[in-house]
Structures are given as C-alpha cells and as structure tokens.
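This report describes selected helix packing and strand pairing in one model. The sequence and coordinates come first, followed by the findings.

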Amino acid sequence: MGISYHMPDPLPMIGALVRETKKVKFILAYRPGRIPPTLFTQVVNTISWMGDGQISLNLVAGISPSEQAYYGDYLAHDERYERSDEFLDVLHRFWKGEKPVTRHGKHYRVNEAQLGLGYKDGGRPYIYISGASGVAQKTAIEHGDCWLRYGDTPEGLADAVAPVLAGGCRAGTRMQVLSCDTREEALADLAEMMREPDEDHKAWVTSFVAASDSQAVENSFRLAEKAQGDWLSMYLYSGAVAYRGGPALCVVGSHEGVARYLYVYKAPGMSEFIFSGWPTRDEMRTFYTRVLPLIWDLECAEERADELAGDARPVGAGHE
C-alpha cells in the first residue's frame, strides 16, 4: 500500500481491507514525520488486532523535497533518515514492552509515554527499510528486518547488498515482471505496451527526478541511461523507467526464462521481492500460476542436489 500525495492515505485503506481478508498481509508504506511515533504505534497495534497481525511496515524517508514540503517537512535527505532512526527507536521500545517510554531526541521528544493496547500476541510487524544510500542501509541494519531497494542486475546488486547481509539484515528488491509462453510473445507484448508512450508524462518524470534527492531514484535512471538498447541484460528491460520511474525496471521473457533469471538473484543474497506488472491483475495471475511454480521447482532441485552432495561425503567429512 503505497504512499504519495496523489493516492489515498494507506492507513485507513488497510484498516478497511484487513476486515475483509484473512490470508493477505499488507505492507504499509509510511514516512516518519507525518504523525508522532506514539500515535503511529497505537494505530499499527490497533490494525494488528483488527486483522490478526496482517500488517508489515515499509518505512520510507521520502524521495522528493518538493512533495515533503506539501506536508510541511523541509528536512534534507540524511536528516530524514536521522529522524527515521529516532522514530523507529520509539516504536521498537513500545513493542519490546518498555513502559513508560521516554526519549528526548533532536526530532522527537517523548516523555513517559504509555499505550494500553500492545501489538497482537506481544509481537511486532516485520519492518522493511527502503532506500539505496548508506544511511538507508544503516537504518535497515539497526532497526529493520529487510533492506528494500529498486532493481538492478544480480551482478549489480551483489556488492550493494553485502554490507546489509553482513549486518544481519535481509535484502529485497522491487521490479516489474512480464512473462509469456515464449520470449517472442513477451517481446511482442512489451512492444505493444511501449507503443505511443506518453511523452508529456515522461517530461514530468524527468523534472521530478531532477528535483529528487533520492539515491534510489537516481540509481534507477542512471542504470537506464547506460543500458544497451534499453536492455541491462537479456532479461532486464529498462526502457519504461523514463516513463514510469524506478519500479518500472522489468524482467521480460518466457515463463521459464523469467523464473530462471529471478532465481539467479538468490546467489547475491536477495531473498524478498516485490513484483508488479502491466496490466497489474493479469500479470499477477500469470506470475502465480506459471512462473512461481517453476521457481519452487528450482528450489526443490537445489535442495535435492545439496542432500545428495551431503550423502556422498565420506563419514567424518563434515558429518556430526
């Protein structure tokens, strides 16, 4: 559930949807600075009881100084992450059961705060921290469960994720997916999707990126600019980034080709993915029925190979 000035606020949306679902977990994207940490914790705790803990958090520091200013927020990039650290510290202290909570920081002053309603079953939500900068990684390691950033090739992500994994944090990425029975069909669908693109919107995106202070956004557009004929690899298409932004980096190919390419991301340590597609519902159905089972098959094959390799070792060679 994304957050931006042109969208409904995700908090009441999730509050409504968790009452209508049983198996869907919602990821709430939210920006520290909008509401105080005590109130935010109270809202999240309430939703955890309304929907049986069906909420995770994706805390984002913001990518546009001009949009931040819409809400009266004028902090620079690194200061926004500094504020996020204070915000998350208060949240974690509540979820650890600390009472009362007092924190006198640069951005938040909380004095002997208490909440009567804790998170359901004494837990806390899973926390994603988004961003590509060093300070985003630091915040993810100290306060998050998974560092989340826009896509790249598996090779391009390898060096970036190393310090996060070394710090005990998981790593995830966000991309588009377009798969068909054959690569030729997928390329035809891609060509149709990119036919007569909205050049006015491209100009708006260009001006938005120029005013952004987000390293994640800058990295995505830098990748797109250096791509050979709009392709970063045989499967990774960057031509839509100029029209739709960083999340539009797209894995394109046959169902089997896409599954095998996505599986390569396991090697550098990527373990979580946020996918979307065009049109959204159709590509979601295609992914879950045609691509994901192939990824499961690859995982099972790897597990069997590991088991066979272990059985083949002589007694005493690593066996306990």
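## Helix packing and strand pairing

With a relative accessible area of 0%, S48 is buried, because buried means under 20% relative accessible area. The model is a predicted one. S48 lies in helix α2. Apart from neighbours within four places in sequence, the contacts of S48 are G53, Y119 and K120. G123 is 75 residues away from S48 in sequence, while the C-alpha to C-alpha separation of the two is 9.6 Å.

Helix α2, which spans residues 37-50, packs against helix α1 (residues 10-17) and against helix α4 (residues 77-95). The table lists the geometry of each pair.

| Helix pair | Angle between axes | Axes apart |
|---|---|---|
| α1 and α2 | about 20° | 9 Å |
| α2 and α4 | about 50° | 9 Å |

Take α1 and α2 to begin with. Angles under 35 degrees count as roughly parallel, and α1 and α2 are therefore roughly parallel to each other. Their crossing is left-handed. On the α1 side the contact involves L11, I14 and G15, and these meet V43, I47 and M50 of α2. Sorted by class, the contact of α1 with α2 holds five nonpolar residues, one polar residue and no charged residues.

The other pair is α2 with α4. At an angle of about 50°, α2 and α4 are therefore oblique to each other. The crossing in which α2 passes α4 is right-handed. From α2, the residues P37, T38, F40, T41, V44 and N45 take part in the contact, and from α4 the residues F87, V90, L91, F94 and W95 do. In the contact of α2 with α4, eight residues are nonpolar, three are polar and none is charged.

The remaining element is a strand. Is strand β9 largely enclosed by the rest of the structure, or is it exposed? Strand β9 covers residues 250-254, and five of its five residues are buried, so β9 is largely enclosed by the rest of the structure.

Strand β9 pairs with strand β7 and with strand β8. Strand β7 (residues 170-180) runs parallel to β9 and is joined to it by five bridges. Within this pairing, V252 of β9 stands opposite L178. Strand β8 (residues 236-237) runs antiparallel to β9, with two bridges between them. Here L236 has V251 of β9 as its bridge partner.

Terms used: Residues are numbered from 1 along each chain as its sequence is written. This is a predicted model: local features need pLDDT of at least 70, side-chain atom pairs count only at pLDDT 80 or more; totals for chains, interfaces and linings use all residues. Side-chain values use heavy atoms; hydrogens and water are left out. Axes are lines fitted to C-alpha atoms, for helices over the stretch in contact, and angles run from 0 to 180 degrees between N-to-C directions. Helices (H or I, at least four residues) and strands (E, at least two) are DSSP runs, numbered from the N terminus. Angles under 35 degrees count as roughly parallel, over 145 as roughly antiparallel, 65 to 115 as roughly perpendicular and the rest as oblique. A crossing is left-handed if the near helix is turned anticlockwise from the far one by less than a right angle, and right-handed if clockwise. Contact means heavy atoms within 4.5 Å. Ala, Val, Leu, Ile, Met, Phe, Trp, Tyr, Cys and Pro count as nonpolar, Asp, Glu, Lys and Arg as charged, and the others, Gly among them, as polar. Buried means under 20% relative accessible area, exposed over 50%, partly exposed in between (1.4 Å probe, protein chains only). Two strands pair if DSSP finds at least two bridges between them.
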